[in-house]
Amino acid sequence: MATTADIRTGLIIKLDNSLYSVVEFGQNKTARAAAKVWAKLKGVDNTRSIEHTWNSGDNIFPVRVEKKAFQYLYQDDSGYNFMDNETFEQIALPENLIDAPQFLKEGQEVQVSINTETEQPMSVELPDKIVVKVTYSEPGLKGDTATRTLKPATVEGGATVNVPLFVNEGELIRVNTKTGDYIERVKE
């Protein structure tokens, strides 16, 4: 059992028979009333985002989550297939559990969050930054590095990333998977 004093960003709690991840939280104190604890919550097993307020000291119900390393294998009719790096057991997950499916590459290592009570996978997290190859882009202009003008480029996996004009087809670039933004060009 935990109380509102144990709330922290990233904690997964059970509220109204659904699981929510704490995105942001804070405390409101007034001179006459008891302190209140508020939190912005994002649904783990649903698509809802809500705000909830508790009295300071109220009980909350955290869910124990374990992160395990998995390797992405392929996509088929059953969903996205991953293999546990320790037991070599394979699981298929739907697209809505993956934070950035457009950046998945075969053989890529990801972190899968698993609810330890039910042994059910809850989400798939890619590394914050990955290196991908540009598969299609308009020809670049040599020496055009002074401006921050961007052009669309297709990377392996089919995602479109806005890149500077000097990036050409066939080059490797580093991309932020959380925002989908170009970070830098990578030398081979």
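Me: How many residues lie between E15 and E16 in the hairpin?
Reply: Five, and Gly-180 in that turn has a positive phi of about 80°. Strands here are DSSP runs (E, at least two residues), numbered from the N terminus. The model is predicted, so local features need pLDDT of at least 70 and side-chain atom pairs pLDDT 80 or more, while totals for chains, interfaces and linings use all residues. Numbering starts from 1 along each chain as its sequence is written, and side-chain values use heavy atoms, without hydrogens or water.

Me: In which sense do E15 and E16 pair?
Reply: Antiparallel, over four bridges, with E15 at residues 172-176 and E16 at 182-186. Pairing takes at least two DSSP bridges. Leu-172 is opposite Val-186 of E16.

Me: Where is Thr-177? Buried or exposed?
Reply: Thr-177 sits in the loop between E15 and E16. Thr-177 is buried, at a relative accessible area of 5% (buried is under 20%, with a 1.4 Å probe and protein chains only).

Me: What does Thr-177 touch?
Reply: Leaving out residues up to four places away in sequence, Ala-100, Phe-103, Leu-126, Pro-127, Asp-128 and Ile-130. Contact means heavy atoms within 4.5 Å. A polar atom of the Thr-177 side chain is 2.7 Å from the backbone oxygen of Pro-127.

Me: New topic. How many residues has the largest nonpolar core?
Reply: 28, with Phe-103 and Ile-173 among those with the most contacts inside it. Such a core is a set of buried Ala, Val, Leu, Ile, Met, Phe, Trp, Tyr and Cys residues joined through side-chain atoms within 4.5 Å. Elements giving two or more residues to this core include E7 (65-76), E12 (129-137) and E15.

Methods. Buried means under 20% relative accessible area, exposed over 50%, partly exposed in between (1.4 Å probe, protein chains only). A polar contact is a pair of N or O atoms within 3.5 Å; within protein, one must be able to donate a hydrogen and the other to accept it, and residues adjacent in sequence count only if both atoms are side-chain atoms.
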